[in-house]
Amino acid sequence: MVVAAPSSGSGKTTVATGLMAALTARGLTVSPHKVGPDYIDPGYHALATGRAGRNLDAYLCGPDLVGPLFVHGARGCDIAVVEGVMGLFDGAAGEGELASTAQVAKLLRAPVVLVVDASSQSRSVAALVHGFVGWDPEVRIGGVILNKVASDRHEALLREALDSVGVPVLGVLRRAPQVDVPSRHLGLVPVAERGAEAVGAVAVMAAQVADGCDLEALVGLARGAGALACGGWDAGEALVSSPPPPLPVPSLGAAPPDPRFRPGRPRPQTPDGLEKKRVAVAGGAAFTFSYAEHTELLAAAGAEVVVFDPLRDEELPEGTAGLVIGGGFPEVYAAELSANEGLRKSVAELALGGAPVAAECAGLLYLCRELDGLPMCGVLDASARMSERLTLGYRDAVAVSDSALAVAGTRLRGHEFHRTVVEPGAGAAPAWGVRAPERRVEGFVERGVHASYLHTHWAAEPGVARRFVERCRTS
């Protein structure tokens, strides 16, 4: 089922996360999904279900991949809950229904549960729901959950009004103190930063949903979802079907031998007998933004993926041949990242030696000379700082320079979401040419480094992962 709302702020994250946790507590294996590029909500979904939260983004990956990615994530589960984005019919600006919750619901043939903020209205709720039910006949709204209901009398008025619409009320949540999920400049504070507090918050959401919603009716609604004709996405199959990188792969420069790697130590091998190359992926509280499919693609391409924490680990994992630093909040942890001088030097040595490094947004900031005046890795001759201006939106991009990720001319769709500025915004060899909101180049391609503000989803172009791992073998 898809949990949607007329607008942002209606309570769909509380309902979706609480529903996932409540169903999990009843013994169901729940597959959690999020419409759109959001990285933070899936962290709460993962905490609620014990499974990786996965994104379904028809803009980044294309509509044809929504079904296969969903089936891949939901394999082996009893039920799947998909949290929507913004309002039900809101999608990419100027692109009609593209990337909207409504489009994803139609692609999945899934019923929609509409979460309505009922505060400050009574009979008008019927007009609101009636309008959403009739707007697109292909979107099946199977029920309503009323949020922020003031009293029994208020609930009775709302139910009476909705009787005329013919949409069942599947839950009523009373006005209550807000669940303790703090926000800051880019939205909710990620799970990885909150520890036990996040566990408690999810438990409160689960209790609210369990007490106020008809869980049996909701499960019954999900059972009525239409069958999907597509098979599940598979990282290995995706790599096979994607165009191969140009051969021979040119060397990016020989990296100096790593004194921490003992040559006599046996290394894992791929099924075809090639030595697996170790790819270190940044994690921990400062780097929480990543798509699960990225590590799956790296592993399918022959990498041994190892996660490290730049806040705690003083050097890269032994034998690291490539480095992936995704998004997150380095600006919040700038002092701690700067103080970890050993790791900063380790990253710089790897990058300056020619090893492939893929850095997105937070990773870009970490590779800069400084962030808000504090020393960072110094791989890029650029300075980063916080800004009052929010940069947000989907982007159409084309690779400007050959890199460890793509050949020049490769087209990808991406997403920007940050309140920081990097000066200069592009190097002598930029990473991407971006069409919107204005034509510009951005990012850096230097030696094996590809650093950019743009978040991309590699499932849309699996050759990115294969090319990266191949460069790990040849650099």
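Two strands are taken to pair when DSSP finds at least two bridges between them, while helices (H or I, at least four residues) and strands (E, at least two) are DSSP runs numbered from the N terminus. The views below show a predicted model, in which local features need pLDDT of at least 70 and side-chain atom pairs count only at pLDDT 80 or more, whereas totals for chains, interfaces and linings use all residues. Residues are numbered from 1 along each chain as its sequence is written, and side-chain values use heavy atoms, with hydrogens and water left out.

**View 1. The open parallel sheet of 7 strands.**
The strands of this sheet follow the order β3-β2-β4-β1-β5-β6-β7, and their pairing is parallel. Because β3 (54-56) and β7 (169-174) stand at the edges with a single partner strand each, one side of each is left without a neighbour in the sheet. Neighbouring strands are turned by 25 degrees against each other on average, direction ignored, where axes are lines fitted to C-alpha atoms, for helices over the stretch in contact, and angles run from 0 to 180 degrees between N-to-C directions. Within the sheet, β5 (residues 112-117) and β6 (residues 141-149) pair in the parallel sense over 6 bridges, and the bridge partner of L114 in β6 is V144.

Helix α4 (residues 101-108) lies across β1 (2-4), β2, β3, β4 and β5, and runs at about 165 degrees to β1.

Strand β20 pairs with β21 (residues 449-452) in the antiparallel sense over 3 bridges, and E446 stands opposite V449 in β21.

A search of the whole structure finds 7 aromatic pairs, with rings of Phe, Tyr and Trp (its six-membered ring) pairing if their centres lie within 6.5 Å, and planes under 30 degrees apart counting as stacked, over 60 as edge-to-face and the rest as tilted. One of these pairs is formed by Y59 and Y394, which are stacked at 4.3 Å centre to centre with 25 degrees between the planes. The pair links distant parts of the chain, since Y59 lies in the loop between β3 and α3 (63-74) and Y394 in strand β16 (residues 383-399), 335 residues apart. Y59 counts as buried at 5% relative accessibility, as does Y394 at 18%; buried means under 20% relative accessible area, exposed over 50%, and partly exposed in between (1.4 Å probe, protein chains only). R413 lies over the face of Y59, at 4.0 Å from the ring centre, a charge being placed over a ring if NZ of Lys or CZ of Arg is within 6 Å of the ring centre and within 35 degrees of the ring normal.

**View 2. The surroundings of L337.**
L337 is placed in helix α12 (residues 334-339) and counts as buried, at 0% relative accessibility. Although L337 and L311 are 26 residues apart in sequence, their C-alpha atoms are 5.7 Å apart in space. Leaving aside neighbours within four places in sequence, the residues in contact with L337 are A286, F287, P310, L311, P330, R344, Y366 and M376.

**View 3. The surroundings of E416.**
E416 is found in strand β17 (residues 411-423) and counts as buried, at 3% relative accessibility. A polar contact of 3.0 Å joins the side chains of E416 and H418; such a contact is a pair of N or O atoms within 3.5 Å, of which, within protein, one must be able to donate a hydrogen and the other to accept it, and residues adjacent in sequence count only if both atoms are side-chain atoms. Beyond neighbours within four places in sequence, E416 is in contact with T391, L392, G393, R395, R440, Y453 and L454.

Conventions: Contact = heavy atoms within 4.5 Å.
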